[in-house]
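Trainee: I have a new model open on my screen and would like to walk through it with you. Could we take it step by step?

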Amino acid sequence: LQTLDLRGCAELQSLRLDCPALTSINADFCSKLGGQGMRGGVANACAVVDLRLSACRLVNTGALCSFGRLSELRRLDLSYTDVCSLQPLFDGCEQLTALNVACCAALDPDSLLQVLPACGGRLPHLAELDASYLKMPEAGAAGLLSAGPPALQRLALNGVRSVTDAAFSGVTGVTDAA
């Protein structure tokens with residue numbers, strides 16, 4: 001089994017998998033799936049490249065700790081989850097190229113800003129970032145626009161109130177601001 005699509009399995013509470021060839025898991029809208037239910041399954045799926053957990057309301061920062069063994073992970077969708085810190089990703093998923101944290105109301109803006117070179121440059125391979133509808137200081141939005149990760153090609157800041165004309169004053173190198 002290489003691809004597992006579980007979208008909308010609202011009663012799913014646990015992912016206990018032993019699928020070493022699994023490269024893609026889509027568990028969007030599995031509203032009862034959370035940290036405890038993911039620990040065993042995600043830890044045993046070391047080859048996962050694409051993990052989608054949008055609207056899994058029980059996924060929080062604690063759940064991200066189980067992602068440490070996902071060294072092959074490239075695409076991660078955490079939109080509409082209760083993640084408040086990205087630190088566990090920085091510690092084990094350095095190869096991420098696409099990260100979606102849109103509408104993560106609990107996400108600490110300082111955690112997101114650690115992807116900026118000036119703030120540590122965590123996730124240096126990040127090419128796509130969706131930070132839409134997040135609360136962040138104007139300096140944070142400006143930093144993402146002007147000095148984002150070196151590989152950044154696509155940045156979505158839809159609905160970010162701190163994006164103003166001033167935030168665009170130093171924009172260089174960003175090829176698509178959505």
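**A walk through the model**

Mentor: Happy to! Let's begin with C103, which is buried, its relative accessible area being 19%. Keep in mind that this is a predicted model.

Trainee: Let's step back to the whole chain. How many helices and strands does the chain have, and in what pattern do they follow each other?

Mentor: There are five helices and seven strands. Going along the sequence, they are arranged as β-β-α-β-α-β-α-β-α-β-α-β.

Trainee: Why is the chain said to be as compact as a globular protein of its length?

Mentor: For 178 residues, the globule rule gives 16 Å. The chain is as compact as a globular protein of that length because its radius of gyration is close to that value, at 16 Å.

Trainee: What does the C-alpha trace span along its principal axes, and what share of the residues count as buried?

Mentor: Along the principal axes, the C-alpha trace spans about 50 × 25 × 25 Å. To count as buried, a residue must have under 20% relative accessible area. Of the 178 residues in the chain, the buried share is 48%.

Trainee: Which residues have the most contacts inside the largest nonpolar core, and which element gives the largest share of this core?

Mentor: In soluble globular proteins, nonpolar side chains tend to be buried together. Here the largest nonpolar core has 52 residues, and those with the most contacts inside it are F67, L78, L86, L89, L99, L112 and L144. Two or more residues come from each of α2 (61–64), α3 (87–92) and α5 (138–147). The largest share, three residues, is given by α5.

Trainee: L99 is on that list. Which residues does L99 touch beyond four places in sequence?

Mentor: Leaving out residues up to four places away, the partners of L99 include L76, L78, L86 and L89. Also touched by L99 are L123, L126, E128, L129 and D130.

Trainee: Let's follow L126, then. Is L126 buried or exposed?

Mentor: L126 lies in the loop between α4 (109–112) and β6 (128–130). Beyond its neighbours within four places in sequence, L126 is in contact with L96, T97, A98, L99, V115, P149, A151 and L152. Its relative accessibility is 0%, so L126 counts as buried.

Trainee: How far apart in space are L126 and E94?

Mentor: In sequence, L126 and E94 are separated by 32 residues. From C-alpha to C-alpha, the distance in space is 8.8 Å.

Trainee: Last one: what is the volume of the largest pocket, and how many residues of its lining are charged?

Mentor: The volume of the largest pocket is about 150 Å³. At least two lining residues come from each of β3 (50–52), β4 (75–77), β5 (98–100) and β6, and L99 is among the residues that line the pocket. By class, the lining has four nonpolar residues, one polar, and, to answer you, charged residues numbering seven.

Terms used
Residues are numbered from 1 along each chain as its sequence is written. This is a predicted model: local features need pLDDT of at least 70, side-chain atom pairs count only at pLDDT 80 or more; totals for chains, interfaces and linings use all residues. Side-chain values use heavy atoms; hydrogens and water are left out. Helices (H or I, at least four residues) and strands (E, at least two) are DSSP runs, numbered from the N terminus. Buried means under 20% relative accessible area, exposed over 50%, partly exposed in between (1.4 Å probe, protein chains only). Contact means heavy atoms within 4.5 Å. On a 1 Å grid over the protein atoms alone, a cavity is a set of points where a 1.4 Å probe fits but cannot get out, and a pocket is an open set with protein on both sides within 12 Å along at least five of seven lines; lining residues have an atom within 4 Å of a point. Grid points are joined across faces, edges and corners, and a volume is the space filled by probe spheres set on the points. Ala, Val, Leu, Ile, Met, Phe, Trp, Tyr, Cys and Pro count as nonpolar, Asp, Glu, Lys and Arg as charged, and the others, Gly among them, as polar. A nonpolar core is a set of buried Ala, Val, Leu, Ile, Met, Phe, Trp, Tyr and Cys residues joined through side-chain atoms within 4.5 Å. The radius of gyration is taken over C-alpha atoms; the globule rule is 2.2 Å times the number of residues to the power 0.38.
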